Structures are given as structure tokens and as C-alpha cells.
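User: Could you walk me through how to read a structure like this one, feature by feature, with the general idea ahead of the particular case?

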Amino acid sequence: MLKIILATLIIVAVCIALLCVKILFKKNGRFPNTHVSGSKAMRERGIGCVQSQDREQRKTNPNAISERQKNEEEGE
């Protein structure tokens, strides 16, 4: 049982080290931006992140007329 746990820990440590090679050995190394908004081609096509689009849609419109005002005016 102990051998399996140690082997698993070694494999995980090697995998993490291999994933970090670019970050550790390159000056100002960073993880690549794999987000939709990080892709130039996607931005040129007008494709955005769902979370960003949702955040924009949830912003309140200063020019919007509230439904309560609209209903009160119709009732008079």
C-alpha cells in the first residue's frame, strides 16, 4: 500500500514539474491564457466568453424605463 502511494506521489510530482517547465525556465514565464477572450482570432470573430457576455447583460441600463413606471402610466 505504501509503495502505491509513493509511486502515485512521484508520478504527480513529475507531471507538475513537466507542466511548469516553461514557467520555471523562461524569463517572465506564465501559464498560457487559454480563455476565450485571450484568443485574438475569437475576438476578431466577435466571439466572447459567456461569463463576460452575462456580466455585460446584467448591467443596468441608465436609459431603461422601469416596468412599474410603464404600468402606472398605462393605468391612468
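Analyst: What follows takes confidence, fold, surface and individual residues in turn.

User: What is the mean pLDDT of the protein chain, and which element has the lowest value?

Analyst: Where pLDDT is low, the predicted coordinates should not be read in detail. This is a predicted model, and the protein chain has a mean pLDDT of 81, with 88% of its residues at 70 or more. Among the elements, helix H1 has the highest mean pLDDT, 94, whereas helix H5, covering residues 67-75, has the lowest, 61.

User: How many helices and strands does the protein chain have?

Analyst: The secondary structure comes to five helices and zero strands, so that the pattern read along the sequence is α-α-α-α-α.

User: How much of the protein chain counts as buried, and what share of its accessible surface belongs to carbon and sulfur atoms?

Analyst: Of the 76 residues, 3% count as buried, and the accessible surface comes to about 7,700 Å², with 58% of that area belonging to carbon and sulfur atoms.

User: Which residues make the nonpolar surface patch, and which elements give two or more residues to it?

Analyst: The patch, of about 660 Å², is made by Ile10, Val14, Leu18, Val21, Leu24 and Phe25. The elements that give two or more residues to this patch are helix H1, residues 2-19, and helix H2, residues 21-25.

User: Which side chains meet in a salt bridge, and where do they lie in the helix?

Analyst: Side chains of opposite charge can pair when their charged atoms come close. A search of the whole structure finds one salt bridge, in which the side chains of aspartate 54 and arginine 58 meet at 2.9 Å, N to O. Both residues belong to helix H4, residues 50-58, and because they are four residues apart there, about one helical turn separates them. Aspartate 54 is partly exposed, at 36% relative accessibility, whereas arginine 58 counts as exposed, at 64%.

User: Where is glycine 48 found, and what is it in contact with?

Analyst: Glycine 48 is found in the loop between helix H3, residues 40-45, and helix H4, and it is partly exposed, with a relative accessible area of 29%. Leaving aside its neighbours within four places in sequence, glycine 48 is in contact with Val36 and Gln53.

Note on methods:
Residues numbered from 1 in each chain as written. Predicted model: local features only at pLDDT ≥ 70, side-chain atom pairs only at ≥ 80, totals over all residues. Heavy atoms only, no water. Buried < 20%, exposed > 50% of the residue type's maximum accessible area, 1.4 Å probe, protein only. Areas by Shrake-Rupley, 256 points an atom, 1.4 Å probe, with all protein chains shown as cover. Salt bridge = Lys/Arg side-chain N within 4 Å of Asp/Glu carboxyl O. Patch = residues over 30% accessible without salt bridge, like charges linked within 9 Å, V, L, I, M, F, W, Y side chains within 5 Å. pLDDT = per-residue confidence, 0-100. Contact = heavy atoms within 4.5 Å.
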